[in-house]
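Subject: Structure for your review

Dear colleague,

Please find below the structure that I am handing over to you.

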Amino acid sequence: MPSERLGCRLIATIDRVPLHRVAIEAWFVYAPSLFGASYYVDCAGGDDGASGRDAASAWRTLEKLNQREFVPGDAIRLKRGATCEGMLWPKGSGAAGNPITLGPYGAGAMPVVKADGRDTAVRLLNQHDWEIRGIEATGSTEYGVHVSGTGLARLRLIDCV
């Protein structure tokens, strides 16, 4: 019965580790994937040299946003009343029950993604588990929001123009 003895030794080892230490270590390992992070873009007054992690240090351009790969639970926030020029093509996918969200922050009109003659204003390619809410996609030659590829699942567009 070697496997039973190994199991007993493993339990004894865990029993010697204080419970609060196990809980703290588990928090640091699993919390980022449970809650995600928020990223802010203010195309009128942001700064691409900033962290993008709160409204006061928002990024300025979609290009900066497009460079980052987002993970389940992340939130991308575009400032209300601002117009962002170019194509918004964020990278990464969410997970079932833990999507990546794209939506507005602040007060005022919907944020606008203005494609300026590109074929698409907002693109998702081979991505899944996204929720896009409360934005206006305009100025493209073909698509406001273009979703295509393989592995598409659980994609939601809510209150968009």
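Thr120 is located in strand S6. Please note that the model is a predicted one, and that every value below was computed from it.

Is Thr120 buried or exposed? Its relative accessible area is 0%, so Thr120 falls below the 20% cut-off and is buried. Its side chain makes a polar contact, at 3.4 Å, with the side chain of Arg123. Setting aside residues up to four places away in sequence, Thr120 touches Met87, Ala115, Ser140, Tyr143, Gly144 and His146.

Ala115 counts as buried because its relative accessibility is 0%. Beyond its neighbours within four places in sequence, Ala115 is in contact with Gly86, Thr120, Ala121, Thr138, Gly139 and Ser140. Ala115 and Tyr143 are 28 residues apart along the chain, and their C-alpha atoms are separated by 9.4 Å.

Of the 6 residues of S6, 5 are buried, so the strand is largely enclosed by the rest of the structure. S6 pairs with strand S9 (residues 143-148) in the parallel sense, over 5 bridges. Within this pairing, Leu124 stands opposite Val147 in S9.

In soluble globular proteins, nonpolar side chains tend to be buried together. Here, the largest nonpolar core holds 23 residues, and the members that touch the most others are Leu65, Leu88, Leu102 and Val122. Two or more residues of this core come from each of strand S1 (38-41), helix H3 (62-66), strand S2 (75-79), strand S4 (100-105), strand S6 (120-125) and strand S7 (130-133). S6 gives the most, with 3 residues.

Which residues does Leu65 contact, leaving aside its neighbours within four places in sequence? They are Val41, Trp59, Phe70, Ile76 and Leu88.

**The sheet S3-S5-S8**

Strands of a sheet pair through backbone hydrogen bonds, either parallel or antiparallel. In this model, 3 strands form an open sheet in the order S3-S5-S8, and their pairing is parallel. Strand S3 (83-85) and strand S8 (136-138) are the edge strands, each pairing on one side only. From one strand to the next, the twist averages 20°.

S3 and strand S5 (residues 112-114) run parallel and are joined by 3 bridges. Cys84 has Val113 in S5 as its bridge partner.

**The chain as a whole**

How many helices and strands does the protein chain have? Its secondary structure comes to 3 helices and 10 strands. Read from the N terminus, the elements follow the order α-α-β-α-β-β-β-β-β-β-β-β-β.

The protein chain has 161 residues, and buried residues make up 35% of them. Among contacts between residues at least 6 apart in sequence, 64% join residues at least 24 apart. The accessible surface of the protein chain comes to about 9,200 Å², and 56% of this surface belongs to carbon and sulfur atoms.

Yours sincerely,

A colleague

Technical notes
Residues are numbered from 1 along each chain as its sequence is written. This is a predicted model: local features need pLDDT of at least 70, side-chain atom pairs count only at pLDDT 80 or more; totals for chains, interfaces and linings use all residues. Side-chain values use heavy atoms; hydrogens and water are left out. A nonpolar core is a set of buried Ala, Val, Leu, Ile, Met, Phe, Trp, Tyr and Cys residues joined through side-chain atoms within 4.5 Å. Buried means under 20% relative accessible area, exposed over 50%, partly exposed in between (1.4 Å probe, protein chains only). Helices (H or I, at least four residues) and strands (E, at least two) are DSSP runs, numbered from the N terminus. Contact means heavy atoms within 4.5 Å. Two strands pair if DSSP finds at least two bridges between them. Axes are lines fitted to C-alpha atoms, for helices over the stretch in contact, and angles run from 0 to 180 degrees between N-to-C directions. Accessible areas come from the Shrake-Rupley method with a 1.4 Å probe; for residues, only the protein chains shown count as cover. A polar contact is a pair of N or O atoms within 3.5 Å; within protein, one must be able to donate a hydrogen and the other to accept it, and residues adjacent in sequence count only if both atoms are side-chain atoms.
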